[in-house]
Amino acid sequence: LGIAGKYASLRDAYASIDKAIEHASTHLSVAVDLRWMDTSRIIRENVDDVMAEEGLHALIIPGGFGDRGVEGKIACAEHARTHGLPFLGICLGFQCAVIEFARNALGIIEAHSTEFTDPGEHAVISELPEQKRIEGLGGSMRLGAQDVAITEGSLASWLYRGRTSVRERFRHRYEVEPRMIEALEAEGLIFSGRHPEHPIMQVLELPQAVHPYYVAAQFHPELTSRPLRPQPMFMGLL
């Protein structure tokens with residue numbers, strides 16, 4: 001199981017993810033060999049070789065801040081999507097999956113996030129609605145528990161045992177650009193988790209007819225995992 005992040009050399013940064021994997025693997029009685037991958041050393045041109053060298057059966061792209069290693073994460077998301085590698089994206093990993101899909105499935109080569117650059121009309125990730133009028137970001141991040149509406153019949157709904165509403169913990173200030181949602185969906189990306197009232201996308205997936213397990217969450221699922229109640233997205237991945 002690869003963990004492709006920019007803080008791979010400081011594994012305490014991913015302690016909650018490590019524990020969530022432990023909870024799920026113990027419940028399923030499987031041994032997990034973690035492979036820590038520094039995405040600042042990965043580019044689109046070498047990602048296939050890196051993945052082959054690691055011999056991965058599944059991949060997690062965790063959260064993070066800043067532009068270092070982001071292109072590596074996007075390359076890893078593309079590899080997972082196009083090679084049928086079971087994939088879980090978390091927070092920035094969710095956003096990188098959207099950027100990658102926009103670039104390579106929609107053909108928007110300059111697609112990016114306003115967190116890292118000024119992509120102009122090609123922004124597919126931008127500030128949350130309540131932050132767009134705030135000049136100094138300061139404490140503007142969306143934090144803590146929030147409700148997520150889950151689409152009936154989706155993979156996400158199956159993971160959560162048929163529930164149509166779940167409560168998960170967030171830590172972000174960027175979202176899928178609302179004007180891009182329709183185009184992304186038209187090309188086959190499924191947003192199966194949303195804010196109950198606003199057009200804020202919170203879970204994405206691909207149909208299992210085209211990929212065995214491609215799921216990402218804007219929230220941090222690892223933060224709600226417990227030893228006797230492993231988190232559903234990690235259970236699904238393993």
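Let's start with Cys 91: at 6% relative accessibility it counts as buried. Buried here means under 20% relative accessible area, exposed means over 50%, and partly exposed is in between, with a 1.4 Å probe and protein chains only.

A word on the source. This is a predicted model, where local features need pLDDT of at least 70 and side-chain atom pairs count only at pLDDT 80 or more, while totals for chains, interfaces and linings use all residues. Residues are numbered from 1 along each chain as its sequence is written, and side-chain values use heavy atoms, without hydrogens and water.

Back to Cys 91. Its phi is near 55°, a positive value in a residue other than glycine. Most residues other than glycine have a negative phi. Cys 91 sits in the loop between β4 (87-90) and α4 (92-104). Helices (H or I, at least four residues) and strands (E, at least two) are DSSP runs, numbered from the N terminus.

Now Ser 29. It is not a glycine either, yet its phi is positive, about 60°. Its loop runs between α1 (15-28) and β2 (35-38). Is Ser 29 buried or exposed? Exposed, at 68% relative accessibility.

Next, helix α2, residues 47-54. Its buried residues are Val 47, Val 50 and Met 51. They cover an arc of only 95° around the axis, so they lie on the same side of α2. That arc is taken from the directions from the helix axis to the C-beta atoms. On the other side, Asp 49, Ala 52 and Glu 53 are exposed. The buried residues pack against β2, β3 (59-61) and α3 (70-83). Gly 55 follows α2, with a positive phi near 60°.

On to the cores. A nonpolar core is a set of buried Ala, Val, Leu, Ile, Met, Phe, Trp, Tyr and Cys residues joined through side-chain atoms within 4.5 Å. The largest has 42 residues. Val 176 and Leu 184 are among those with the most contacts inside it. Which helix gives the most to this core? α4, with eight residues. Apart from this core lies another, of 30 residues, including Ile 60 and Tyr 160.

Last, the cysteines. The structure holds zero disulfides, a disulfide being a pair of cysteine sulfur atoms within 2.5 Å. For Cys 76, the nearest cysteine sulfur is that of Cys 96, 9.3 Å away. Cys 76 is buried, with a relative accessible area of 0%. Cys 96 is buried too, also at 0%.

Notes
Contact means heavy atoms within 4.5 Å.
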